[in-house]
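Hi everyone, thanks for making time for this.

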Amino acid sequence: MLSPAIMRSNALSPMRSSGTTAASATTLSILPDAAKLVFRGKTEAIEAAGAHFGVKPSLEACRFAAVGGRSVYWLGPDEWLFQAVNEDPIEVFGGMSVALQAQACSLVDVSHRSDGIAVAGPTAALVLNHGCPLDLSLKAFPVGMCTRTVLGKASLLLSRSEEHVFHVDVWRSFAPYVWQFLDEARSLS
Amino acid sequence: MLLINCPYCGPRPEAEFANGGQAHIARPADPMSLTDDEWAAYLYMRDNTKGLHHERWRHANGCGRFFNASRDTTTDVIKRTYRMGERPEAEHQGAKP
């Protein structure tokens with residue numbers, strides 16, 4: 001069997017050492033690996049899933065809820081993303097699937113699929129707007145909001161954890177592209 | 001850029017959406033009883049409306065859901081969007097809703 005270190009390597013790890021452009025008010029950083037589960041089901045099942053996970057999922061559109069390192073993102077009217085930072089995906093998935101045995105729903109482990117980038121700084125929204133057409137003002141995109149959207153040619157999950165901190169969750173194959181896109185954008189702004 | 005009002009997420013930029021063709025085309029209940037011409041008409045023939053057109057859209061880079069939109073093909077103005085399973089409003093119903 002492959003060791004977990006071989007099975008899971010962050011697509012952004014080469015970016016750490018590659019020379020990033022100099023002084024900018026906005027910083028890019030690689031978010032720690034996390035267990036990620038995509039849940040699809042009706043209200044009754046999502047409430048049961050949230051109760052087991054320890055985070056009450058938002059039923060309001062485009063909002064996420066977080067408790068410690070665990071968070072639940074609203075993706076669609078019957079779709080949520082469960083994320084547990086620095087936890088073992090196999091354990092989290094096992095626990096959730098046992099808890100949801102009696103429910104009609106779907107739960108898929110997608111931990112390997114995407115990597116996270118934090119975009120932080122007073123001009124973070126401006127940097128993201130180089131490739132993302134959403135209105136990222138605090139009024140239209142408040143803290144606690146999350147949504148799938150586009151950045152340049154890539155599709156990603158964008159969330160705002162603080163006024164000046166955005167988290168980007170992007171599929172592995174697009175991750176280097178998005179990193180370089182943001183790096184170039186922050187050197188311009 | 002056009003803003004399209006997703007019934008689930010609210011107004012979003014056009015780049016997040018994918019068009020899904022004409023809406024409200026029901027699959028024939030008993031395809032075996034149809035002639036080849038009737039089946040071909042169901043599969044391929046679509047309205048080419050000048051004016052109000054009801055079509056499907058998918059919020060592909062957003063909530064991922066399909067919904068319907070009533071769009072004026074002469075001005076490209078989307079008059080209304082509504083969820084799957086709903087009918088277009090009476091005043092918006094064209095010759096063929």
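Let me begin with a term: pLDDT is the predictor's confidence in each residue, on a scale from 0 to 100. We need it here, as this is a predicted model. In chain B the average pLDDT is 91, and 92% of the residues reach at least 70. For the model, the scores are ipTM 0.85 and pTM 0.89. A word of caution to go with that: where pLDDT is low, the coordinates should not be read in detail.

Now to the place where the chains meet. How many residues of chain A are in contact with chain B? There are 13 of them, and they are in contact with 11 residues of chain B. Two strands of chain A, S4 (70–76) and S8 (146–151), each supply at least two residues of the side that touches chain B. The largest share of that side comes from S8(A), with four residues.

Is A:Arg148 buried or exposed? A residue is called buried when 20 or more other C-beta atoms lie within 10 Å of its own. A:Arg148 has 23 such neighbours inside 10 Å, so it counts as buried. Leaving aside residues up to four places away in sequence, A:Arg148 touches A:Leu75, A:Ser155 and A:Leu157, as well as B:Asn61 and B:Gly62. Have a look at the pair A:Arg148 and A:Leu75: they are 73 residues apart in sequence, yet 6.9 Å apart in space, going from C-alpha to C-alpha.

My last stop is a pair of backbone angles. A:Cys62 is not a glycine, but its phi is positive, about 60°. You will find A:Cys62 in the loop between helix H3 (43–53) and strand S3 (64–67) of chain A. With 25 other C-beta atoms within 10 Å, A:Cys62 is buried.

Over in chain B, B:Asp76 is a residue other than glycine with a positive phi, near 65°. B:Asp76 lies in the loop between strand S5 (66–72) and strand S6 (78–83) of chain B. Why is B:Asp76 called exposed? The cut-off for exposed is 12 or fewer other C-beta atoms within 10 Å, and B:Asp76 is exposed because it has 8.

Notes:
Residues are numbered from 1 along each chain as its sequence is written. Chains are lettered from A and ligands numbered from 1 in the order in which they are written. This is a predicted model: local features need pLDDT of at least 70, side-chain atom pairs count only at pLDDT 80 or more; totals for chains, interfaces and linings use all residues. Two residues are in contact if their C-beta atoms, placed from the backbone, lie within 7 Å.
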